[in-house]
Amino acid sequence: MAATPQNTERSTVAGGAKRSRSMPSRVVPPIELPASVDELARKAAALLGWNGVVLPEATLLGRKVSIVARLRTDVHAERIAMGVGPVADRATVDTWTWPELAATAPAPAAEIIGVLAVARHWRTAMASAVPFARYGEAAMVLPSPAVLTEDYVANCLPRARAYGLAIATADPHAQVDLDLEGRTERILLAEDPVSRWVNEMAYDLLLRTAEVPADVD
């Protein structure tokens, strides 16, 4: 049965009263990074002792990360001679691990020292860093206010220890300190199609951003 104008008015007033009684939630300003991602990544890499080129942040495997890597100049020279530069196609790189093609596949031209995930919240940073922690060193870089919470102590630290992640914090003046050392005695995965493709991406970024020695250019 259709509602009468009286009923409609009553429901409207009641609804308005309910809305008027609701209190607005307090808006908490988001925690911001005290400097650019690249600057914080460079400072964290130096703090961790990762001697390599800190490459610009890139999206790999759907995650935003900063790779720290070195160019293997001998392999780079060999690949130049073979006419095989960085290969971005994942399907092609996948075939390099096949037993029948592994012997003829180009060697990895980048040495990945570690992978950094710089983010405002630990959950975002951890989601970005964990896939790479399966293959080597990985760390998170967080603004210092983000670690001064019960959530960080109760939930982030145990998970970071389990995955072997290091955690660096950046204060409001962009000074970086180590909050958790990475664990090195964990089991790492052997080279597979994913790690080979990530290495090719690091190789490409090295050639784009780093100074390549003249004798192999």
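Colleague: Which residues in H7 are buried?
Modeller: Happy to walk you through this predicted model. Helix H7 covers residues 193-209. Its buried residues are Ser-195, Arg-196, Trp-197, Val-198, Asn-199, Glu-200, Met-201, Ala-202, Tyr-203, Leu-205 and Leu-206.

Colleague: Is Arg-196 buried or exposed, and at what relative accessible area?
Modeller: Arg-196 is found in helix H7, and its contacts beyond four places in sequence include Arg-79, Trp-96 and Glu-191. Buried means under 20% relative accessible area. Arg-196 therefore counts as buried, with a value of 4%.

Colleague: Where does Trp-96 lie, and why does Trp-96 count as buried?
Modeller: Trp-96 is in the loop between helix H4 (90-95) and strand S4 (110-118). Leaving aside neighbours within four places, Trp-96 is in contact with residues including Leu-101, Pro-106, Arg-196 and Glu-200. The cut-off for buried is under 20%. Trp-96 counts as buried because its relative accessibility is 11%.

Colleague: Which charged residue sits over the ring of Trp-197?
Modeller: Trp-197 is one of the buried residues of H7. A charged end lies 4.9 Å from the centre of the Trp-197 ring, and the limit for this arrangement is within 6 Å. The residue is Arg-90.

Technical notes. Residues numbered from 1 in each chain as written. Predicted model: local features only at pLDDT ≥ 70, side-chain atom pairs only at ≥ 80, totals over all residues. Heavy atoms only, no water. Helix = DSSP H or I, 4+ residues; strand = E, 2+ residues; numbered from the N terminus. Buried < 20%, exposed > 50% of the residue type's maximum accessible area, 1.4 Å probe, protein only. Contact = heavy atoms within 4.5 Å. Expected span 1.5 Å × (residues − 1). Lys NZ or Arg CZ within 6 Å of the ring centre and 35° of its normal.
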